Amino acid sequence: MRFLEVLKEVEEQPIQVIDASRYIPLDLSETNSELNTIDVSSAEKLGDYVNSVISKGQAEVAYGGYLEVRNIYKRSIHFNNQADSERNIHLGVDLWCAAQTPIYAPLDGRVHSFNNNTNYGDYGPTIILEHHFNGMVFYTLYGHLSLASINSLKVGTVFKQNEAIATLGDASVNGDYPPHLHFQIIKDLGDFKGDYPGVCNKNDLEFYKENCPNPELLLSIKG
């Protein structure tokens with residue numbers, strides 16, 4: 001509970017990772033019947049759907065996805081070994097907008113690690129920042145970035161709040177998805193470097209719910 005209390009203290013200051021003022025919720029869960037008519041294995045066709053939601057809502061960014069049960073991961077063996085261990089529950093918030101959109105540090109932090117996670121359906125270029133706030137250490141993960149975001153990056157680099165840290169990648173580098181940021185809060189990173197599960201199975205959900213609380217606790221997102 002102490003971790004959630006710290007996040008609520010952080011929330012008292014305006015925090016964004018994308019410079020936008022108009023957001024609209026996006027439902028990519030298995031219960032969204034609109035997705036039944038879309039080939040969600042195609043980055044182009046899924047991107048058309050996402051862009052239509054943004055356009056109809058007269059928004060700049062579509063967002064959502066925390067703890068959503070999704071079917072879009074079925075296309076990749078990276079998430080699926082056996083039916084009873086299928087990883088299909090999303091642990092971060094996705095912010096869907098154009099490739100090359102700048103990404104900003106929500107708080108002061110240092111680069112803990114970074115990596116290009118190249119499995120099909122994976123994060124692609126990924127950065128993890130380490131934050132210290134009111135005696136608590138925690139981490140934020142940024143997935144589906146451009147290659148340029150990590151080409152000259154160094155572990156230990158310090159970013160101030162609202163400083164640009166990266167840009168979004170496109171489907172050719174981001175795991176074959178429409179451009180978007182996967183943003184995740186992590187309390188205990190363990191031994192991971194440049195990577196951390198962004199999707200879990202139902203058997204591990206309780207652990208990840210505690211270790212990766214809803215990023216909307218941190219972000220200032222307004223429709």
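Which residues in helix 1 are buried? In this predicted model, Phe3, Val6, Leu7 and Val10 of helix 1 are buried. Buried here denotes under 20% relative accessible area, exposed denotes over 50%, and partly exposed lies in between (1.4 Å probe, protein chains only). These residues cover an arc of only 100° around the axis, which places them on the same side of helix 1. The arc is taken from the directions that run from the helix axis to the C-beta atoms. Helices (H or I, at least four residues) and strands (E, at least two) are DSSP runs, numbered from the N terminus.

Residues are numbered from 1 along each chain as its sequence is written. Local features need pLDDT of at least 70, side-chain atom pairs count only at pLDDT 80 or more, totals for chains, interfaces and linings use all residues, and side-chain values use heavy atoms, with hydrogens and water left out.

The buried residues of helix 1 pack against strand 7, strand 8, strand 11 and helix 4. Contact means heavy atoms within 4.5 Å.

Two strands count as paired if DSSP finds at least two bridges between them. Strands of a sheet pair through backbone hydrogen bonds, either parallel or antiparallel. Strand 6 (residues 109-117) and strand 9 pair in the antiparallel sense over 2 bridges. Arg110 has Val158, in strand 9, as its bridge partner.

Arg110 also takes part in a salt bridge, with Glu130 (3.1 Å, N to O). A salt bridge is a side-chain nitrogen of Lys or Arg within 4 Å of a carboxyl oxygen of Asp or Glu. Glu130 lies in strand 7 and Arg110 in strand 6, so the pair ties together parts that are 20 residues apart in sequence. Glu130 is buried, at 12% relative accessibility. Arg110 is partly exposed, at 28%.

The structure holds 6 salt bridges. Another of them joins the side chains of Lys187 and Glu210 (3.5 Å, N to O). This pair links distant parts of the chain, 23 residues apart. Lys187 sits in the loop between strand 11 and strand 12 (199-200), and Glu210 in helix 4 (residues 205-211). Lys187 is partly exposed at 27% relative accessibility, whereas Glu210 is exposed at 56%. Salt bridges that share partners also join Glu68, Arg70 and Asp94 into one network.

A search of the whole structure finds 0 disulfides. A disulfide is a pair of cysteine sulfur atoms within 2.5 Å. The sulfur of Cys200 has its closest cysteine sulfur in Cys212, 8.5 Å away, too far for a bond. Cys200 is buried, with a relative accessible area of 2%. Cys212 is buried as well, at 0%.
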